[in-house]
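Visitor: Could we take a close look at one part of this protein and follow its contacts? I would like one connected account.

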Amino acid sequence: MKNKTPPSKAIFLDRDGTLIVDKVYLNDPEQIEYLPGVFSALRELRDAGFIFLIVTNQSGIARGLVSIDNLNEIHRRIRYAFSENGVDLQEFYYAPYPTDSEHPMRKPNPGMILQGAKDYNVDLSQSWMIGDRMIDVEAGHRAGVKTIMVGPREKASDFPKLKPPTGVFPNIIDAVPFILAQSGLKSMGEK
């Protein structure tokens, strides 16, 4: 499903700790648990014209802790749940490489973001990366998108050698007004 229309603006999203509760090597589709507010947050961003691409490191595959079949089923269920809530997730990109890999597709490298931008004709200068770790932020910076770090997992200040995120918020729903303002768009609550 390659998109050859005028350039899109995208939200690149980490999966675990950003959209769903991080269960550490999630291998059971029955254990998917969505973080509060993710459906309404993505609906508001959808209404502002963003498309959504998931970019997730999955080293559990390399470790033998996550099966490809289960990963595909997890992604199918996540896509279905968002669809049921009015949000189309265009694509899931995943990097099945070990944590010590320097593979260009494994975050903090920008390979998944760059591949998504190519596949969906994304204008990176109008796009964002949202994740719960500094590797997500770093991947976004390397790809040339603005960045949001969410959740309590890491603090940007603990990584003084890395460029800080464009914004830091407890969750995606709190980040939406900032993303819209920074993108020159209005929140649905504003007139």
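Visitor: What relative accessibility does Arg 77 have, and which class does that put it in?

Guide: Happy to walk you through it. The model is a predicted one, where local features need pLDDT of at least 70, side-chain atom pairs count only at pLDDT 80 or more, and totals for chains, interfaces and linings use all residues. Residues are numbered from 1 along each chain as its sequence is written, and side-chain values use heavy atoms, leaving out hydrogens and water.

To your question: Arg 77 has a relative accessibility of 27% and counts as partly exposed (buried is under 20% relative accessible area, exposed is over 50%, and partly exposed is in between, with a 1.4 Å probe and protein chains only). Its side chain forms a salt bridge with that of Glu 30, at 2.8 Å from N to O (the term asks for a side-chain nitrogen of Lys or Arg within 4 Å of a carboxyl oxygen of Asp or Glu). This pair ties distant parts of the chain together, 47 residues apart: Glu 30 sits in the loop between β1 and α1, while Arg 77 belongs to helix α3, residues 68-84 (helices are DSSP runs of H or I with at least four residues, strands are runs of E with at least two, and both are numbered from the N terminus). Glu 30 itself is exposed, at 59% relative accessible area.

Arg 77 has another partner within its own helix. A salt bridge of 2.8 Å, N to O, joins the side chains of Arg 77 and Glu 73. The two are 4 residues apart in α3, so about one helical turn separates them. Glu 73, at 23% relative accessibility, is partly exposed. Through shared partners, salt bridges connect Glu 30, Glu 73, Arg 76 and Arg 77 into one network.

The structure holds 12 salt bridges, and one of them pairs the side chains of Arg 46 and Asp 47, at 2.7 Å from N to O. Here too both residues are partly exposed: Asp 47 has 45% relative accessibility and Arg 46 has a relative accessible area of 32%.

For a contrast, let's move to strand β2. Residues 50-57 make up β2, and 8 of the 8 are buried, so the strand is largely enclosed by the rest of the structure. In a regular strand, side chains alternate between the two faces of the sheet. In β2, Phe 50, Phe 52, Ile 54 and Thr 56 point one way, whereas Ile 51, Leu 53, Val 55 and Asn 57 point the other way.

What runs beside β2? Strand β1 (residues 9-13) is parallel to β2 and joined to it by 5 bridges (two strands pair if DSSP finds at least two bridges between them). In this pairing, Lys 9 is opposite Phe 50. From β1 the chain passes through helix α1, residues 38-47, to reach β2, in a right-handed β-α-β crossover (with the strands pointing away from the viewer, the path from the first strand over the helix to the second runs clockwise). Strand β3, residues 89-95, also runs parallel to β2, with 6 bridges between them, and there Ile 54 faces Phe 92.
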